[in-house]
Amino acid sequence: MKTSIKEIPNKYKISELVHQKTYLVNGELKAWKGDFTEVKSTISSTEVYKPTLLGTVPNLTEKEGLEALNAAHKAYNKGQGMWPTMRVADRIECMEEFAEQMKTKRDEVVKLLMWEIGKALPDSEKEFDRTIDYIYDTIEEYKQVDRDAAKFEKHGGVHAHIRRGPLGVVLCLGPYNYPLNETFALLIPALIMGNTTVFKPAKHGVLLLSPLMEAFQNSFPEGVVNIIYGRGRVLATPIMKTGLVDVLALIGNSKSANAIQANHPYKNRLRLVFGLEAKNPAIILPDADLDLAINECISGATSFNGQRCTALKIMYVHEDIVDEFNKRFAERLDALKFGNPWEENVVLTPLPEPDKPAYIQELIDDAIDKGAKIINKKGGQTSENYIFPSLLYPVTKEMRVFKEEQFGPVTPIVSFKNIQQPLDDMAASNYGQQVSVFGSNVKTLAPLIDTLVNLVCRVNLNSAAQRGPDVYPFTGRKDSAVATLSVHDALRTFSIRTFVAAKDTPYNNAILEELLDKKASNFINTDYLL
Ligand code: G3H
């Protein structure tokens with residue numbers, strides 16, 4: 001499982017380190033004079049393995065965290081700032097400007113995505129392109145939301161002009177597995193709806209923001225986007241303690257989400273937008289098309305090494321087909337190519353967290369102690385930055401890998417006789433994001449689907465679990481999410497309905513008509529945004 005450094009194409013070599021010397025606060029890229037943290041890749045650039053130094057980022061203190069918060073607070077100005085009161089068309093213009101500038105940075109961002117988090121080249125390109133699409137789709141959707149609101153309603157003798165307004169200051173914390181896409185899928189809707197933001201990148205996937213800093217600075221008014229670097233505990237804790245954060249938007253795990261939100265002094269004021277952990281099961285019924293099921297399960301379990309909240313993390317296979325399924329799944333798994341992200345046809349790539357192979361090994365050891373076996377030949381083979389995916393069978397409830405979200409390359413297989421078993425397990429589990437069901441008999445599928453939709457929020461029929469297309473709702477039950485994201489839902493999530501009401505009297509109507517005629521208000525207008 002060695003990767004050769006000779007294969008690093010020139011365009012992907014680290015010829016220059018990226019030193020992020022500034023942070024973005026109040027529209028200024030402020031030079032940081034304090035400590036810096038080294039950013040290293042687990043990918044080696046030398047024949048003898050050695051993590052590669054990629055650059056440095058500021059290690060900001062509480063003071064700079066609060067400075068960024070105050071800038072966002074000032075720009076929002078309790079709803080009276082320029083950004084939250086601006087015309088929708090003007091906010092859209094800023095966003096378009098940002099997207100145009102961002103597009104020019106594709107190569108730099110994609111290269112850093114590969115080095116920082118080990119994401120394969122096609123997936124890194126997809127992450128960038130999907131994010132650009134997300135921005136344009138959000139703009140179009142907001143125009144539609146605005147068009148739908150460009151009218152008056154009248155009920156019970158009261159005219160009403162209803163729109164969606166911003167919520168305030170958003171603290172935005174993204175994950176390392178989609179450091180661009182998932183973070184921007186929070187940041188973009190939050191901004192376009194008129195909120196102001198403080199954004200702190202995740203531990204891995206941080207330098208890839210450097211090429212975009214100027215675009216943020218150039219495109220938005222001062223204080224609307226503030227970007228800080230450093231440790232969550234040092235920065236997020238004091239920020240939350242001020243009580244000035246109106247929305248905590250976080251993609252990560254429930255433990256840190258709970259710890260961060262607990263610091264807020266006014267619980268009822270804080271809105272939460274969370275995408276959290278999941279343990280999405282695949283259920284393979286005896287009448288499933290096995291070729292199709294194995295294809296989908298391989299991609300669901302192994303794409304980006306299983307480091308996706310939507311990955312298939314446990315497989316329930318009917319006992320009549322489990323031996324055949326295991327045999328074929330194991331062969332397919334062993335045939336997957338491991339290599340550096342830019343290598344052709346590579347599926348498995350280095351893990352960005354240096355301690356991840358050891359953690360996966362712990363799960364394997366625990367399962368083996370309790371009676372499971374690794375059933376694929378290469379399963380568990382370890383190198384400095386990887387552990388080859390293991391297929392573990394038979395897995396039982398007592399094993400850690402049954403319960404814990406592995407977020408890495410190991411797949412537990414549970415065999416079942418009665419469909420009630422996976423249903424009961426799912427009902428008892430702390431997670432509730434998605435499930436994949438493989439089968440064809442409508443009589444079996446129908447009641448199963450009717451139950452599964454109440455246990456999770458997306459039932460994938462003969463298909464792997466996934467978030468996209470991004471127009472579909474992305475959410476979960478129990479510990480898997482708070483609030484719903486999609487291009488449309490995110491606009492709702494980061495805003496609140498607010499309206500102007502006036503009794504239907506000649507006096508009021510004359511005022512409303514004049515407001516409309518003179519186009520004096522950014523809120524009361526019925527302009528149709530093209
Ligand atoms: O980590 C969770 C991501 O939202 C998964 O998105 O299903 O498109 O890979 P994806």
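## Surroundings of Ala-68

Leaving aside residues up to four places away in sequence, Ala-68 is in contact with Val-25, Val-198, Asn-226 and Ile-228, in what is a predicted model. Ala-68 lies in helix α1, which runs over residues 62–76, and because its relative accessibility is 0%, under the 20% cut-off, Ala-68 counts as buried.

A further relation across the sequence concerns Ile-239, which stands 171 residues from Ala-68 along the chain, while the C-alpha atoms of the two residues are separated by 9.0 Å.

## Overall fold and dimensions

The secondary structure of the chain comprises 17 helices and 25 strands. Among contacts between residues at least 6 apart in sequence, 73% join residues that are at least 24 apart.

Taken along the principal axes, the box filled by the C-alpha atoms is roughly 80 × 60 × 40 Å.

## Burial, surface and charge

Of the 530 residues in the chain, 56% count as buried, and Ala-68, with its 0% relative accessibility, is one of the buried residues. The accessible surface of the chain amounts to about 22,600 Å², and carbon and sulfur atoms account for 51% of this area.

The chain carries 62 positive and 66 negative charges, and the mean positions of these two sets are 3 Å apart.

Technical notes. Residues numbered from 1 in each chain as written. Predicted model: local features only at pLDDT ≥ 70, side-chain atom pairs only at ≥ 80, totals over all residues. Heavy atoms only, no water. Helix = DSSP H or I, 4+ residues; strand = E, 2+ residues; numbered from the N terminus. Buried < 20%, exposed > 50% of the residue type's maximum accessible area, 1.4 Å probe, protein only. Contact = heavy atoms within 4.5 Å. Areas by Shrake-Rupley, 256 points an atom, 1.4 Å probe, with all protein chains shown as cover. Lys, Arg positive; Asp, Glu negative; His and termini not counted. Charge placed at Lys NZ, Arg CZ, Asp CG, Glu CD.
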